[in-house]
Amino acid sequence: MQEMFPYFLNGISVGGQYALIAIGYTLVYGILRLINFAHGDVFMVAGLVMVYATASMPFYIALPLVVLATVVLGFLIERVAYKPLRSAPRMSLMISAIGVSYLIQNMAFYITGGVPQPVSNPIPWISENVTILGASTKRVTIITPILTILLVVALVYLINHTKIGMAMRAAAKDFETAQLMGIKINKVISMTFIIGSFLAAVGSMLYFTNYPSVAITSGGMPGLKAFVAAVFGGIGSIPGAVVGAFIIGLCEEVIKGLGYTTFSDAFTFALLIVVLCVKPTGLFGEKVTDKV
Amino acid sequence: MSGQVLKVENATMQFGGVVAVDNLNLEINEGEIVALIGPNGAGKTTAFNVVTGVYQPTNGAVWFQGEKIIENHPQGKMKKMYKGEHAGEYSHVLAPTPDKITKLGMARTFQNIRLWKSQTVFDNVLIAKHCRATSNVMSATFRFNRKEEMRQRQNVEELLKIVGLYEERDELATSLPYGKQRRLEIARALAAEPKLLLLDEPAAGMNPQETDELTAFIGEMRDRFGLTIFLIEHHMNLVMGISDRIYVLDFGKLIAEGTPAEIQNNQRVIDAYLGVADDA
Amino acid sequence: MKKLLACTLALVMALSLAACGGKQAPEGEAPAENGDKVVRIGVFEPQTGDNGAGGKQEILGMQYANSIQPTVDIGGETYEVKLEIVDNRTSAENGPSAAAELVNRDVSIVLGSYGSGVSMAGGKVFEEAGIPAVGVTCTNPQVTADCSVYHRICFTDPFQGPALASYAYDGLGVKTAYVLGMLGSDYDQGLMYYFTEAFEALGGTVVSEEFPEGTANFVSYINNAKSAGAGAIFAPVSINYAQLIVEAADAQGFEGALLGSDTWDSNMVVESAKGKNADVFVTTFYQEGGNPEFDDGIREWINANADAKTNNGGNDMVAAVTAMGYDAYFTALEAIKAAGSTDPKAVLEALPSVSYEGICGHIEFDEVGDAKRDSAFIKTANTETGVWDFVKVQSVQ
Amino acid sequence: MTMQKKKTIFTTVVLAALLAACVIVDLTLPSFHIAVTVIKKATVYALVAASMNLLNGFTGLFSLGQAGFMLLGAYAYGVLTIPVAKRASVYQYFDGGAIQFSLPEIFAGFLGDGVGGVVGMLAALLVGGILAALMAYLIGLPVLRLKSDYLAIATLGFAEILRAFFQWNALGPITNGSNLLKSYPTFSKATPYVVLAGVMIAVILLLINSTYGRAFKAIRDDEVAAEAMGINLARHKRLAFVISSFFAGIGGGMMAMYMGTIAAAPFKSSLTYEILLIVVIGGIGSISGSVIASFLYIFSSEWLLRGLDSGEFLGISAPGLFKNGFRMAVFSVIIMVIVLFFRRGIMGDKELPDLLDRRERKHKKEAAGK
């Protein structure tokens, strides 16, 4: 047990990072029924902005700037790439999402010259090493899951107890009816993207404090895994996404600990397929009935 | 019971707590035109969906040409909690997909027209012939089925002439006027070479004149192809004009059956339905 | 409107096909540009992708060499040397078209690539075109094994792996080594294989694992090394992963040594080790300070050139691959001189017999086309100053 | 009927012209010329794009597993064609590998070196296609029940799993683990690629215009109606998936021929995305669109626009702007513009000969109108 402890610790931390991304997927899917393929890339851009911002300005300016830039990016993506396609078939929307992902990656590639950017100036304090129960780790490892839980609690409060949260729930339930009831659907969708991007930005800062190098492909894998987490937990459900993310984070690290490192990524996808085939609604998802 | 085409036996369809069709029993004999009527939400389309295999009934069975084709019981695959009448009478699960039922000889139209939008009129009808093709994918790809293909194309052309859509054969299905789209749906269903044709509100949205034309058309089709017809309709002119018998459904339950004359004079029906219908 | 678009595009396609035929003629007479005689040296290097950083540093060496020796005398005439740089994007799928692009630009000889996989992918095209290629730091034996035009000036994996293995076993006294490479990288896997073979032959134990491409989180791998009781981690991975591994090893408090191959010999790796608790050892081709004249010269050049500095990772430390790039350039010039012609066929004939005294040592090719080398430098990262310190020259019996 | 004839003539002329152009290129240019390289790569992409279009465009199944099936085809081709004598050096870490035969050599045994070699190569391609089809059948059993985006993500996941398996060291004696497969025979001229891909695409077109192809289109347009009209959804979807994967497998084998070396790394999901975007540019539901788009895409990305990356383009020299990655940045902007504003792509859902059709109809309409 003592041997496995570092893996659990790391797994929970990884789970926290996935959770922050997974919420963005699950919120957007809940309302638009769209896998926002670009979300992982938004996460990557947040990391890049952090690299450049922290290199040239103090942290109390740089970090809010990262959040702001990411939120603006998320907002713009929705307005430019998804809004014009609202009445188009779902396939067009998904292709647009893939196109945006491609665009962001290539832009980042152009700006960085295709070379991974090291985080030369990591956020102090949380990037320092500490030892818990004999396992040495960075402080951010412990902070990530705690911060994740706090943010999720805040988000759940927002969704259940505020007007915009109510509107979001209504839009997720039934798009057209919500619109008829006078809910400004565009505002709600923008808000969804803003919240998702905000969490991705926070996740990104934590992630790239722990693994201090941002490559243009850095967003892809965490993004996909976070999506799997969202599906696993039941897409559309925020607690589901969080629980799913923690489970996937833990499984992944334990699998590495058991020596099956070759399949640590493949496992996530295998899990996805099994979940989709056996219980497509995930752990906490609501059953959706098809209209014939 | 010679000549019996369709028999629905104790069919119940339950969605969660809602019983959409409750213990439905009906029979249709060869060559008959039978109508299923009832107020909105009475469960008519659900009954169609059960018969054509779209839904698996919670309980009950469907017989087609003397053969049991659909059967389910409350403990069956769907694990529906049904404790109503006849709950213990069925023990097997028989749930063919709609395409299998179509191949057996049933074809239907839809209440809200469901033509293949990007296809021409001709192709819409030709595709319905696919289920009658005997060629496998290899021989179809490499055109070893040329004879069959030619025969099917000829059939479709004839069919289009019969239903009066030959002129528009190369138009996109969606570019047709509404009435012709309805007609095309019927032609498409006919192309699948059915014994039993199920029409789900074929006259919906039509004006009286179009309805009259359709009435004549349906009768003509029955005679020409030797069909048995089962239809759902709100237009009472049409229903009363061509139906041999009528079943009346209200809140999922059968409340009356009989000839048009009988139904017109049935007090229960008048209370439940005719009395409140707008379009009688 | 749409139709017009479609027709235009179709037309463009047709024209492009037609253009293929027409374009050939002017290219044939390319050397006559401006009246000056030009000889073109192709640079087949990754500037993007996983090996982008390393490839750029290698190009720097060639560019610097080109800046101090921009001409070559062939048969009594002075030719201007022009570097034709094409990005092969680190990936095998882009190798052939990048190589074809070089062939298209009428190069006499090709230098590169950093990374063996893409070298092999390009090698086929060079072979068909009969253009000689000089591998700079591609260490997989397969690069030259089945390709008549490929030569290389670096040592190979069957040398480098055992060199590190014997240093770890004898020099550092490590009995158990944890070997980590990227799934799908032939470079990593090759070195892992030779290291393991040699290390086990010496009597050590090896635990070997692989991580999927794009991994950022190496914590569990370091934990695996710790629980295996490894005294050293050998990770012949690209620079980006090396940085992450150093970082993770430090965070997890890994006590043993980190062994790296030639890829690790980069200022970016040593910088990430700065201020950390990490013992990093690498094998390499060149030790900074080995040739002060070259070091000073290239530093000055890098400092005077902002782009070069960025490509070098933002400082003026000299990477071994840069020195190798420099040597490769002069090796190519020697071959061209010996051939007495810019014709690739002649250069190819002359190349095997080239003998050149480079700053990284003497260069001569054996019958396969590999450099005859018998020693490698071992360096360690000084975690206080953030530079590489020389440890020893390691050779294998 | 005359329209039909016109179209046939038009198609024949276009095809003959393309083939002739290709043969001329082959005869006049050396095989390593960039034009030849571009044609080779573009034909491979055209085939794979057509196969993806068959599934995504004609059957309406949004699958992102193409790269995985290409991987299978590529490996099958490599593993089966490496000459026995070279296996020891290719499988250097696996004692020469587990497979000790080579299809081209077997066929060369009784058909002679030239013909036998080619037959062997084609046989290896075919095996790759069949393996991909088999894998698609197995994957399809659970996955094809899923709806649009779930299907996409599940197939994407399968491709990634497949890639991990092929890099697994335990399978090394067959796949060479993470190491490259090389030294296998390839076609160096462009014409064989064009002919091969041309035949395959022709088969795809034949299929699309057969009764089965029409059934696929019916499923795409309206599943419920298709099922009600007697089309077995499960069977037809599986059929489309398997056939599409078969051609993707063949495309993968040809990709291996083109690359000269095989590794699992290039067959990432980004390859699938690239092909998907080609399909979108060409028009979802148009095979000729896919082919045109492949040529345009490869031609511009590998040749025409290379200057965007290396400082000089169309005579404009701007090293600061035209640096690495600019080409792809420009490209992705173009793609987004197409996705957002020209959603039908180059050809929409029309094929090349249909261009004649439209002109005709326009005339007719004008005549009828006035």
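Into which domains is chain B divided? Chain B consists of domain 1 (1-105 + 195-280) and domain 2 (115-193), with bounds from an automatic or database domain assignment. This is a predicted model, in which local features need pLDDT of at least 70, side-chain atom pairs count only at pLDDT 80 or more, and totals for chains, interfaces and linings use all residues. Residues are numbered from 1 along each chain as its sequence is written, while chains are lettered from A and ligands numbered from 1 in the order in which they are written.

The centres of the two domains of chain B, taken over C-alpha atoms, are 27 Å apart. Eleven residues of domain 1 and eight residues of domain 2 make up the contact (C-beta atoms, placed from the backbone, within 7 Å). On the domain 1 side, at least two residues each come from α2 (98-104), β7 (196-200) and α7 (208-225) of chain B; helices are DSSP runs of H or I with at least four residues, strands runs of E with at least two, numbered from the N terminus.

Chains B and C are joined by no contact, and their closest C-alpha atoms lie 18 Å apart. Chain C meets chain A through 28 residues, against 30 residues of chain A. The largest share of the chain C side, six residues, comes from α8(C).

L111(C) has contacts beyond its neighbours within four places in sequence, including I41(C), F44(C), M62(C), V134(C) and Y329(C).

Terms used:
Contact = placed C-beta atoms within 7 Å.
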